[in-house]
Amino acid sequence: MSELAPYAVSAANSRGRRYAEDRPSMRGEFQRDRDRIIHSTAFRRLEYKTQVFVNHEGDLFRTRLTHSLEVAQIARGIARALRLNEDLVEAVSLAHDLGHTPFGHAGQDALNDCMRDYGGFEHNLQSLRIVDFLEERYAAFNGLNLCFETREGIVKHCSLDNARQLGELGERFLNRTQPSLEAQICNLADEIAYNNHDVDDGLRSGLITLEQLESVGLFARHAADVKAIYPNLAGRRLIHETIRRMINVLVCDLIETTAANIARQPVRDLAEARQSSPLVAFSDELREAQREMKRFLRTQLYQHYQVLRMTSKAKRIIGDLFGAFISDPRLLPPQYQSPADGDQPRAVADYIAGMTDRYAMKEHRRLFAVGEI
Ligand code: MG
């Protein structure tokens with residue numbers, strides 16, 4: 001790694017870990033965070049959690065795990081080009097979706113509804129809860145004891161009410177300051193990853209078509225470029241040649257726009273980067289192009305009737321499980337009964353949020369199907 005920019009996060013300017021530990025001997029602090037995340041139980045569960053398509057719908061669709069790997073890859077490329085901390089963006093990217101429920105956003109909405117009277121449910125905060133409390137791997141502390149900057153990057157957004165309960169992690173939402181530039185990168189790398197892989201998965205599923213995508217400026221432009229060079233190209237290769245160009249132009253634009261922002265509003269160190277307006281950004285043109293793509297995906301893919309059927313089933317499964325456990329906590333595995341802090345609804349939410357798609361369906365059958373235990 002070339003030398004870090006003065007406003008990058010480093011071990012030297014880190015706010016450190018909640019529980020003091022010896023410095024790692026053969027790797028950096030943020031490499032250690034990444035390693036802890038990869039070894040966690042929650043990380044392995046990502047393999048069987050939905051991004052858009054439920055795991056059993058096909059082997060080639062993205063899961064939360066492959067999504068997280070794509071985010072990490074995109075974020076690392078951007079961080080290296082801007083001389084920011086590549087290890088930190090990798091750690092944040094790999095951890096950013098740990099708190100997701102089974103069944104993607106439908107699962108999160110359903111669990112949030114169930115938890116309305118008990119403080120709500122939010123997947124960002126759940127990711128933090130996993131790395132701060134729920135993972136049981138170390139003798140000396142709960143959770144993974146990650147560095148402040150990794151935890152800060154995980155909490156992408158948060159209501160003011162929740163921010164008040166987060167201590168120093170919540171301050172930036174109350175003071176309206178920014179997280180590190182590395183955290184800002186992860187946020188936009190997430191967007192680049194899902195917009196592009198959802199186009200790919202959507203086409204693969206047959207729920208959206210190339211003809212429909214021709215109405216989206218960003219896609220149409222790059223598909224035309226590909227066809228100008230390869231007039232006879234069709235099918236998967238046309239799709240992939242188009243998508244790789246879209247990813248490339250978004251990544252390059254983000255790097256160039258961010259470098260120009262920093263040149264225009266010079267920041268001398270990390271503290272100034274936090275006080276500045278958001279510096280990591282797309283150009284206006286590509287921000288608008290991304291918005292158009294998102295609108296297309298929302299109306300044509302995420303709200304497609306076949307996706308909505310799965311979504312509605314997922315909501316029912318989550319609602320049923322929550323209802324059964326909250327009315328009789330004795331149905332829960334023992335470790336979730338009578339939690340030490342007395343917050344039984346939160347323990348139910350932890351249990352449900354930790355389920356993979358297929359585990360949730362299995363648990364639902366165990367509780368509700370006659371003839372199965
Ligand atoms: Mg994500």
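The protein carries 49 positive and 52 negative side chains, and the centres of the two sets lie 2 Å apart. The model is predicted, with local features requiring pLDDT of at least 70 and side-chain atom pairs pLDDT 80 or more, whereas totals for chains, interfaces and linings use all residues. Residues are numbered from 1 along each chain as its sequence is written, and side-chain values use heavy atoms, with hydrogens and water left out.

The fold contains 18 helices and 0 strands. The radius of gyration is 22 Å, close to the 21 Å given by the globule rule for 373 residues, so the protein is as compact as a globular protein of that length. This radius is taken over C-alpha atoms, and the rule is 2.2 Å times the number of residues to the power 0.38. Helices (H or I, at least four residues) and strands (E, at least two) are DSSP runs numbered from the N terminus. Along the principal axes, the C-alpha trace spans about 65 × 50 × 35 Å. The accessible surface amounts to about 17800 Å², 49% of it belonging to carbon and sulfur atoms; areas come from the Shrake-Rupley method with a 1.4 Å probe, and for residues only the protein chains shown count as cover. Of the 373 residues, 53% are buried (buried, under 20% relative accessible area; exposed, over 50%; partly exposed, in between; 1.4 Å probe, protein chains only). Among contacts (heavy atoms within 4.5 Å) with a separation of 6 or more, 70% join residues 24 or more positions apart.

Helix 10 comprises the 25 residues 181-205 and reaches 36 Å from its first C-alpha to its last, close to the 36 Å expected at 1.5 Å a residue; the expected span is 1.5 Å times one less than the number of residues. Since 21 of its 25 residues are buried, helix 10 is largely enclosed by the rest of the structure. Isoleucine 192 belongs to this helix and is buried, with a relative accessible area of 0%. Beyond four places in sequence, isoleucine 192 touches Ile74, Ile78, Ile247, Leu250, Val251, Leu254, Phe282 and Gln290. Just after helix 10, glycine 206 adopts a positive phi of about 80°.

Most residues other than glycine have a negative phi. Arginine 176, in the loop between helix 9 (171-175) and helix 10, has a positive phi of about 55° although it is not a glycine, and is exposed at 69% relative accessible area. Phenylalanine 103, also not a glycine, has a positive phi of about 65°. This residue lies in the loop between helix 4 (86-95) and helix 5 (104-114), and is buried at 4% relative accessible area.

Phenylalanine 103 is touched by isoleucine 317, which also contacts Ala360, Met361 and His364, residues up to four places away in sequence not being counted. Isoleucine 317 is part of helix 16 (residues 305-327) and counts as buried at 8% relative accessibility. Its C-alpha lies 25 Å from that of leucine 297, 20 residues apart in sequence.

Threonine 150, in helix 7 (residues 148-154), is buried with a relative accessible area of 0%.

Key: Lys and Arg count as positive and Asp and Glu as negative; His and the chain ends are not counted. The place of a charge is taken as NZ of Lys, CZ of Arg, CG of Asp or CD of Glu.
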